[in-house]
Each structure stands twice: as C-alpha cells, then as structure tokens.
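Let us learn to read a protein model one feature at a time. Keep the structure open as you go.

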Amino acid sequence: MQEPARTALISNDIVVLGLIAATLGAVFWTSSRQTGFWKKFYTFVPALLLCYFIPGIYNTIGLVDGQNTKLYNPVASRVLLPGALVLLTLTIDLKGVLKLGPKLLVMYAVSSLSVMLGAVVAFLAMRALHPETVAGDTWGGMAALAGSWIGGGANMLAMKEIFQVDATTFGQFAVVDVGVGYVWMAVLIFLASRAQAIDARSGADTRGIEELKRRIESFQAQHQRVASLTDLAMIVGIAFGVVGLAHAVAAPLSAWFGANVSWARTVSLHEPFFWVVAVSTFAGLALSFTRARELEGAGASKIGSLLLYFLIACIGLQMDILALLDKPWLFALGLIWIAVHILILWGVGRLLRVPLFYFSIGSQSNIGGPASAPVVASAFHPSLAPVGALLGALGYATGTGLAYVVGVTLRSLAGAAPV
C-alpha cells in the first residue's frame, strides 16, 4: 500500500511541481535529439510513456507521495484537464470527426459490454483458481472497479456508496485500478507510436483519420503565425476563463439535478466533475465555430497538449509499481478481467477492420475515462484528442448504471444479501 505522506522525501507540492516540470523538459529535450543514443532510444520508447512512468518511479521509491499530493486533484484533473479540453476542442474539425463513422461508437459500446462480461468471467475464474480472493465482499470492490473501468472515479465512488463497500476493500481495488488500468494505458500509448504499421498489417481503413489529420494540419498551416503576447493572453484567457465558468456552474447544476431528477445519479449528473468536463468540452466545441479557432495558428493546441502532459505526469505520480505485490491474487483477478475486455474488443476490431485508434480510444474511454482518454487519443495525433474527450464524457455518463448491473450480478454470484 502507499506510504504515509510524512515518509516521502519531498512533501512540498511546489517542489514536486518543479520536479515534474524539469522531468518533462528533460524528456522533451532528449527526444528532440536527431543523432546518437537518444535518437535510437526514442525509436523504441515513446516520450509520452516516459512522461508517465518516470513520475511513477518517483512515487514508488518514496521520493514523493503521489496519493497525497494536490497536484493531480485539484490542480491537474480539475484545472489543467478542462483547460486542455477547451484548447483542443477549440481547434476541432467537427465535420471531420463525424466522418469517422459509426464503427467508432460500435467499438465504444463493445468496450463497455466487454468490461461488464470480464467482471463475471474474472469472478468465476478466480473462484475456481483461488476462492479466498473472491470471498467476503470482494464482489463489492469489483462493482466499484467496474464503475471506474466503464466510467471514471466518480462512478467508482458512486458504487462504493451504493453497495456500501468498506474502506479496506475499496482501497485494494483502487490499487488494482491504478496498477492494471494505467499499465494498460501505457501499453496503448506505446502501441500508438506503431499505429501505421499495425494498421497496414490488419488492412484497416484509416482514410477518415488521415483526412481529419490533413484538414487540421491544413488549417494550422493556413493560420500559422509567430504568437504575440496578445495571442498567448487570449489563449490562456479563453482556456481558464472557460474552466472558471465550468466550475462556477458545475456545483449548482449538479445539486439541482441531484435533487430534482430521479435518474440523475444513474448517469452521474449529480457529480460536479461531470459538468466541469461537459461544459469545458462543449464550450470548446462552440468556440470552434467562431474566429477563436484561428488561435490555433498561434499554438492553442500546443498549449493544450502541454497541459495534457502535465496531467499525464500527475497521473503517473499516483502509481506505485510495487504496491500490487501485497495483493498478488487481486492483481491476477484484474489481469483476467482486462484480458477478457482486450480479447473481445480486439476480436470485434478485427472483424470490422477498424484502425488501432478506434480500438485504443474505445478501450480507454472506458478503462481510463475522461481524464485519460484524451491522453491516449493525442498519442495518435493532437487533433484526435477531442474525440477522446467526447467518448470519455460518454463513459462518465453511462458508468454508474452499467456498473450497477455488474454489482447486482456479482452479488448474486457471491450469494450475498442485498445491501
């Protein structure tokens, strides 16, 4: 489990922020080298992967305490993430996204269903292999994890309350969530750098994605200019102005829906973070139809991508690479679960001959949710990050209801009494 905050060598969040900034700078400086060792190194290891794993090493060795730092929540997830969503959706070509077609939504739906089926398969498999692992209220912890793997953290907490999962069990599955879910995200980021070769071998139709990339790049080239101080002030002002607005309306909106709409909790409308993500995303989409989109020429999406990299590093800070050694059988349960998800999604993807991007974003919009789906999407191309944001928000909306079905099913299999 995680060490207490007082044992970390660095406990000052300002110092940790400086460490993260320096780490990102070092990664990007070395990845820009055109010759020598670093050129060969980054041929095999994506820079994005290091931005995630190096902070994880900091947390694992006790240099920092990622569970207790405020850099992820509220700074990265509540401020930088919505700011990045504004800037990345500001530049979106919505017509081009819609041309990606229905197969993307099919992969998203299959992803959700495969997570649900994977929970049942993992429970039954582990009951046969190691019954002690699924004894007691393990089913409740799995319901909470299903909430996270279909939606996000808010859905996971909702399942904890609905099924009255005790703190110890919940904490154990939170570790599985990070240890298995985030490692899978790292695998997807690694695969993204090889997407072209993988798609060529599978015969996938990538015309829609390539056309979207070309349209975005053409728009960037047409409006590209050296950013002035006014440009940068406008970019920052729009991004964090919208973030401020999103937070301002999120609390009253979530409270109203929670009090007046009977089904609001089923789709997480009572969660302020849902509204922060939704308002930021749709405000950016609305601005993409205005002259504000021309700020892309001054680097709006690059600044948005930089904010995402800080988010990636802060996600990595929460990962304790050795923590799962305390609960190896729960780790095995998580691996069986996600393996079922991967195999089903891969099989459907092969059948439909979809690009690797569809497979990856379909998976990550569920397993990772709105906080990390844009990260994986941007690993394929910065212009695709808004697609991850949109599907991630959809996962956030459906996660509670689908995870509830998983919880009820597992409770029945475990023979537990209703709570």
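## Reading the features

A: Start with R353. Its relative accessibility is 52%, so R353 counts as exposed, the cut-off being over 50%. Keep in mind that this is a predicted model.

Q: Where does R353 sit in the chain?

A: R353 is in the loop between α15 (328-352) and α16. Its backbone deserves a look too. Phi of R353 is near 55°, a positive value in a residue other than glycine.

Q: Which other residue has a positive phi without being glycine?

A: Look at Q164, where phi is near 50°. Q164 is in the loop between α8 (153-162) and α9 (167-192). Its relative accessible area is 60%, so Q164 is exposed.

Q: Next, peptide bonds. Which residues are joined by a cis peptide bond?

A: Omega is the angle to read here. For the bond between N73 and P74, omega is about 25°, and the bond is cis. P74 belongs to helix α4.

Q: How do I read aromatic pairs, and how many does a search of the whole structure find?

A: Check the distance between ring centres, then the angle between planes. The search of the whole structure finds 14 aromatic pairs. Take W256 and F257. Their ring centres are 5.1 Å apart and their planes stand at 85°. Planes over 60 degrees apart count as edge-to-face, so this pair is edge-to-face.

Q: Are W256 and F257 buried, exposed or partly exposed?

A: W256 has 48% relative accessibility, so W256 counts as partly exposed. F257 has a relative accessible area of 17% and is buried. Buried means under 20%.

Q: What kind of pair do F357 and F380 form?

A: Their pair is edge-to-face as well. The centres are 5.3 Å apart, with 75° between the planes.

Q: Which parts of the chain does the pair of F357 and F380 tie together?

A: Find the helix of each partner. F357 lies in helix α16 (residues 356-367), and F380 lies in helix α17 (residues 373-380). The pair therefore ties together parts that are 23 residues apart in sequence. F357 is buried, at 1% relative accessibility. F380 is buried too, with a relative accessible area of 13%.

Q: Which residue lies over the face of F273?

A: That is R78, at 4.0 Å from the ring centre. For this feature, read the position of the charge against the ring.

Q: What about cysteines? How many disulfides does a search of the whole structure find?

A: The search finds 0 disulfides. C51 is in no disulfide, and the nearest cysteine sulfur, that of C314, is 11 Å away.

Q: Where do I303 and G316 lie?

A: I303 lies in helix α14 (residues 300-316). G316 lies in helix α14 too. I303 has 23% relative accessibility, so I303 counts as partly exposed. G316 has 0%, so G316 counts as buried.

Conventions. Residues are numbered from 1 along each chain as its sequence is written. This is a predicted model: local features need pLDDT of at least 70, side-chain atom pairs count only at pLDDT 80 or more; totals for chains, interfaces and linings use all residues. Side-chain values use heavy atoms; hydrogens and water are left out. Rings of Phe, Tyr and Trp (its six-membered ring) pair if their centres lie within 6.5 Å; planes under 30 degrees apart count as stacked, over 60 as edge-to-face and the rest as tilted. Buried means under 20% relative accessible area, exposed over 50%, partly exposed in between (1.4 Å probe, protein chains only). Helices (H or I, at least four residues) and strands (E, at least two) are DSSP runs, numbered from the N terminus. A charge sits over a ring if NZ of Lys or CZ of Arg is within 6 Å of the ring centre and within 35 degrees of the ring normal. A disulfide is a pair of cysteine sulfur atoms within 2.5 Å.
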